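Here is a short note to read beside the model.

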Amino acid sequence: MIDLRSDTVTKPTPGILKAMAEAEVGDDVFSEDPTANAFEKRMAEMFGMEAGLFVPSGTMSNQLCLNVLTRPGDEVIIDETGHVFNYESGAAAHLSSIQLYPLKGVRGKLTPELIKTAIRPRNDWDPHTRVIAIENSTNKGGGAVYTREELLEISNLAVKHGFYLHLDGARIWNAMAAAGIEPEFFGGVADTLSICFSKGLGAPVGSMMLAGADEIRRARRMRKMWGGGMRQIGLLAAAAEYAVDHHQKLLEDDHRRAKKFAQAVAKHPAFNVDLESVETNIVLFDVNEGTAEETLQKFSEAGIGLVPFGPKTIRATFHFQVNDDDLDEVMKGLDNF
Ligand SMILES: Cc1ncc(COP(=O)(O)O)c(C=O)c1O
């Protein structure tokens, strides 16, 4: 199958496995894993943050960030398509006793004007607006990317009101490639940053929370409490570091393939796609007749894996284990409609 269901489906390459096999390790619960320690330091420096914490998943990273930024009864402003709102099993309510205020942004992106509509007055009976959470690039929003100016505007708004800015950067690597923004910029605008190595970069496991040293100290304790204290994680950190060093440069090819695929879809009478919306490795397109599920079945029979993203909407996600030949096959698969 040519698997475009997600960029999380990649299998470890021989290079990743070799890096894992050669990693120097220690017990990370004792902070003694040299590979993990060095990688956390390197990522923190790279993104202009004080410290980092390697965690098993983007979900844990997002939830740790929200946990250290909030107190029970606080509220987090977020786009209604946000991963934290849709796909984290209601964790913010359960783990941190906070609530989310979802807003209808554009393709998963918030604007200062929109955020202002959700800021609560300071009464005893109001939840306390505490955090603005944004996603870059967006997932359910279709791979949209914030510009430098948009990020600065939101950050300035957060500073003005004394709110924190959390950035879910599960696909920050795609966002950086598309917008040409250097990593250290993000440390200047966000209070907490979650980055993933297991999406387009192709590591088998791993995300990292990046924040101030005090936030990371507190998150380290919560990670242990939530069962995420791990032992010889140098194996995983080495895989993630290999992915950063060797696969980051492949993302632009994923973006090129996504655009080419979208152009073919746009020409096809059975489908509808907004070409302008394709900024990174994700393509959202609609079926004109029937349901997404029926169409997915036909794609599946042609050996192409995609996922539904609404009754009539389908998502295709490109990654480095779908090459140009695979893309040709996928384009041929469109002939089935
Ligand atoms: C935007 C975004 N944030 C967070 C996550 C969570 O990552 P994980 O699956 O590692 O928990 C994902 C997963 O796809 C995502 O797309």
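The points below take the helix pair, then the cysteines.

1. Basis. This is a predicted model: local features need pLDDT of at least 70, side-chain atom pairs count only at pLDDT 80 or more, and totals for chains, interfaces and linings use all residues. Residues are numbered from 1 along each chain as its sequence is written, and side-chain values use heavy atoms, with hydrogens and water left out.

2. Helix pair. Helix H2 covers residues 34–46 and helix H11 covers residues 234–247. Their axes come within 8 Å and cross at roughly 40°. That makes H2 oblique to H11 (angles under 35 degrees count as roughly parallel, over 145 as roughly antiparallel, 65 to 115 as roughly perpendicular, the rest as oblique). The crossing of H2 past H11 is left-handed (the near helix is turned anticlockwise from the far one by less than a right angle).

3. Contact residues. H2 contributes Thr35, Ala36, Phe39, Arg42 and Met43. H11 contributes Gly234, Ala237, Ala238, Ala240, Glu241, Val244 and Asp245. Contact means heavy atoms within 4.5 Å. By class, the H2–H11 contact has seven nonpolar, two polar and three charged residues; Gly counts as polar here.

4. Burial. Cys65 is buried, at 0% relative accessible area. Cys196 is buried too, at 2%. Buried means under 20%, exposed over 50%, partly exposed in between (1.4 Å probe, protein chains only).

Definitions and conventions. Axes are lines fitted to C-alpha atoms, for helices over the stretch in contact, and angles run from 0 to 180 degrees between N-to-C directions. Helices (H or I, at least four residues) and strands (E, at least two) are DSSP runs, numbered from the N terminus.
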